[in-house]
Amino acid sequence: MGFLSPLLLTGLVLASVPLIIHLLNRRRFVVVEWAPMKHLKLTLKTNRRRLRLEQWLLLLIRTLVIVVLILAIARPLLPATGPGSWLSGSARTSRVIVLDDSLSMGYTSTSDAAFVRARALLLDTLEDIGSQDRVTILLTSAPRQPIASELSAADILNQRAMLESLKPTDTANQWHATLEAVDQTLQTASFSSRDVLILTDMQAAGWEGDFAALAARWKAAGTSVRVLDVGEAPTGNTALLSLTREANDPILPEQDVRLTATLRYDGPVAQPPSPATLIVSGQAQSLMLPELPPGRDVALPITVRFNAAGTHTVRLQLGNDAMPADNARAAVLKVRDALRFVIIDGEPDVRPFMGETDFLNLSLSAGRAPWQTQVLTDPAELLTLVETPDAVLIANVTALTQSQIDWLEQNVRRGMGLIVYVGDLVDLNAYNDLLYRNGEGLLPAALAGVNEEVAQGLVVADVEGSPLLPMAQLAPAALARIETTRRMSVTMPGEASEARRVLANWNDAEGTPAAIERSFGAGRVVLWTVPADKAWTTWPTDPTYVLAMRSVAGSLARRGQTQPTVIAGEAVYYELPGDGAGLNLLQITAPDQTDPQPVTASKLNDKLVAAYNATQRAGLYTLSWQDGHSRTFTQPIAVNPPAAESDLRTLGEGDLASRFGELDVTIIRPDTAGQDTGAGREIWRPLIMALLALMAVETVMAMWVGRER
Amino acid sequence: MAESKAYLKPEILAQITKLGLRAERVVEGSISGLHRSPLHGVSVEFAEYREYSPGDDLRRLDWRAYARSNRHFIKRYEEETNLRATIILDCSASMKYKGSAQAMSKFDYAATVAASLATLMIRQRDASGLVLADTEERVFLRPAATAMQQAQIIEALESAHPDRQTELGPVMRRVAEKIKQRGLVIIISDLLCDLDKVYDAIGMMQYRGHELLMVQVLDPDEIELPFGDSVLFRDIEGSEEIHAEPWAFRKAYKEAMEAFIEDIRQRCRFCGIDHLLLQTTDDMGLTLSHYLHRRQTVTGTKRGGRMSSYRGPTGGDS
């Protein structure tokens, strides 16, 4: 038998108090010179034996009251085997042991990590469980896949090596899902007596949700729940909470890419500057972190540059601390070789700058940026493109066929950009009927007719995230030079919104919109109310035209260049290119493994998706496959630790108890290492009952002994 | 007459003087008194008047005197002789016990009783003697009916030191041998001694024709055992000590004491001896006057069994 609070056993010396009081009382007496000694002796002789017996019995009961009280508050544990199990009255029990293997269990403040202690306690507990019981062991990282299911403790201990090789994962706890899995296990348990033991560090993160229904079920079933707290008070931890790129425009070679790392130090005093390692596409470089104030998030800007197109990785690694698992994060960035724009010229002309799109083409292809333009004179050619462009620019095209519009809608919905310029050739009815479609189509606004009033200047609207924002930084005089003799009036459907907004207006009496933007699926569409040439405006000859066209085109180019972030424990879904014909050797290599694991691919929304869910370890995974031509492709996937696990705040006993409502949850906190730690059954309840019974007996006995005799 | 402030209390005397102490048996005497003499032929001449007190024989009322003075007088005749009373007072250490709530120790109370009775008897011209007894007779005053005798008795009582052990039985035997004439023997004691020897001595006195009066004086503490918590009982006549908690056996003790007193009472009744139990909280004057009055009024033959033939409350009486 062990005790959860053995230091309190020193209180057993108090058991001598009744005896001491008894002896002191014997010293406090009155001396009486007495004459009828003969009769006194005679009476005492007759009653002495009974009196002595009664007094010793009373003394024994009073001593027992103190002994039982001290034992109860020292919280004794009877081992499940041996005579203790008989005393505790346990029947054959189905036991479910939940081992918390979340990231925070790797926290090491003094000697061993919390997980190491929990693992040792798991083994100790298994050794104390009687052979008649059946044990299921669940890990919080995969609660639906028990590592042992309804086995005897001895059978589980035969796989001791497997148990000893268990390590904490980089996953976050989701206790609601975990306990639902426990509940499911209990429902198919062999015995009606059920016991749940949770070995955890009591980290508060992950206990969100409503446990009332679960607790009520368990209470009704008489399931006992014990939580063994193996955590230690944290002394300090530096965490890399995120590594993200806020902008989502395409990344091109030789272009600065700005990332932001969020750091946090939880400790008593500020963390002085410390070195870290930034690994960009396998090339490591050192950097110095700033001083980290305690308890505050610090944003660290990081600029990287890639010199070639392809999929690149960026990994930031902090120095070691008490919890190394949250010190590194990675990001996968796809670098495009060039942006591709397709311009459809509705009024081509071989003469220089007399064609509809000459100015536009020049604006987009100017400079060193790898922007590629392709001018088409027939919209029908869109359907023959091998590769979907990043954006399509339609300039003064009379009308589009339904199939062309379908192609545009499909690709804009997937992220392609569309920029529409009006002109003399535009068939308003066709545009309104097919492209606008009462607000359901691609066009942001209905075309109402040509306004021939002269307007001087362009006013850029202050709209958050507007692609024309660079224009707003120009001097107002620069935009005031723009003269417009004609422009298309439009009709906006209802109020402006996030999905449909005016980016700029002409400086006329009505403030006619100059550029209107709408979101369409994953892509966006911008309607210019003037042509791309100088038929209606002098703007194409103005330098601001280049800036405006490039800003809008660059902003509307295809999105989705940043790979989605995957958190450890979550499934990876990767859309494979093509239709899967000839797909072969689809596999993934985890960061701590050398042998790749096979991955299955399946159709999801007409896309071929590779899914992999064994991401308990954070780091860079490598997905690889071969196509029908035996070409090998690889795709790095960044799996990052959950930021919530870096918050080492713990639950108090009251917090945990309140989550379980009426269910009485016993929380065991071993005081010192090596102490009996919850294996077996607590018997403080029977002891309290015994204490109450003893106190009642003592009261009755004291009254009976003290009666007049 | 020198009267003790300590033991001779006028208020008690006032309560008992009118009653007198009359011998219930015939006594031998050389001086005329209240008591019938076994010696016939003595003058039956009128001797004196005495004021009537309840219980007196109405035949002895002098109606003429009543007619003259409108007061009741009893005629006393020469045929009445005097009483020779010997008071044996236990002055052992056990008699000095005085309960914390009591005004007098047992000895003081007993001495007051002795002084009162002695004074009463001397005033009614009966001879009264005193024996102070512990392991031996410390004072032996032969009965006399003089004022000097009264003073000597008072002085002896006041100078007594109750600090020795008790050997009441042997002392009583020796006193019995010394008293030649039949008379009244008044034993005043707590009787916390070897009672077998006391009963032997009583038997001897009965054999010699003495009338006996047993006055047992006890402190209420000795009957009730009123102590709480822990008490170290130290033998008042020895060195033995007993540590006990009286609340645990008070009832049993009281029963034992009641049995003890009842046994004495039964024995005395069997032998025709008056047993008067006095507690030191009792109103002495009232108790004595009640007793004396009862003694005068109760008539009839008392049992005269021998102490030696007593066999207990059932067997002995049969």
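The model is predicted.

Within this pair of strands, select Glu33(A). Opposite Glu33(A) stands Arg234(B), a residue of β10(B). Show both side chains next. Glu33(A) and Arg234(B) form a salt bridge, with 3.9 Å between the closest N and O atoms. The cut-off for a salt bridge is 4 Å, so keep that limit in view when reading the 3.9 Å distance. Across the interface of chain B and chain A, two salt bridges are found.

Now widen the selection to the polar contacts. Eight residue pairs, both members at pLDDT 80 or more, are in polar contact across the interface of chain B and chain A.

Then colour chain B by element. On the side of chain B that touches chain A, at least two residues each come from α7 (220–224), β10 (231–235), β11 (241–244) and α8 (250–271). Select α8(B) by itself: its share of that side is the largest, at seven residues.

Finish with the whole contact. Select the 30 residues from chain B and the 27 residues from chain A that take part. Between them, chain B and chain A bury about 2,700 Å². Of that area, 65% is on carbon and sulfur atoms.

Technical notes: Residues numbered from 1 in each chain as written. Chains lettered and ligands numbered in written order. Predicted model: local features only at pLDDT ≥ 70, side-chain atom pairs only at ≥ 80, totals over all residues. Heavy atoms only, no water. Contact = heavy atoms within 4.5 Å. Buried area = accessible area lost by both parts, 1.4 Å probe. Salt bridge = Lys/Arg side-chain N within 4 Å of Asp/Glu carboxyl O. Polar contact = N/O pair within 3.5 Å; in protein donor to acceptor, adjacent residues only side chain to side chain. Helix = DSSP H or I, 4+ residues; strand = E, 2+ residues; numbered from the N terminus. Pairing = 2+ DSSP bridges.
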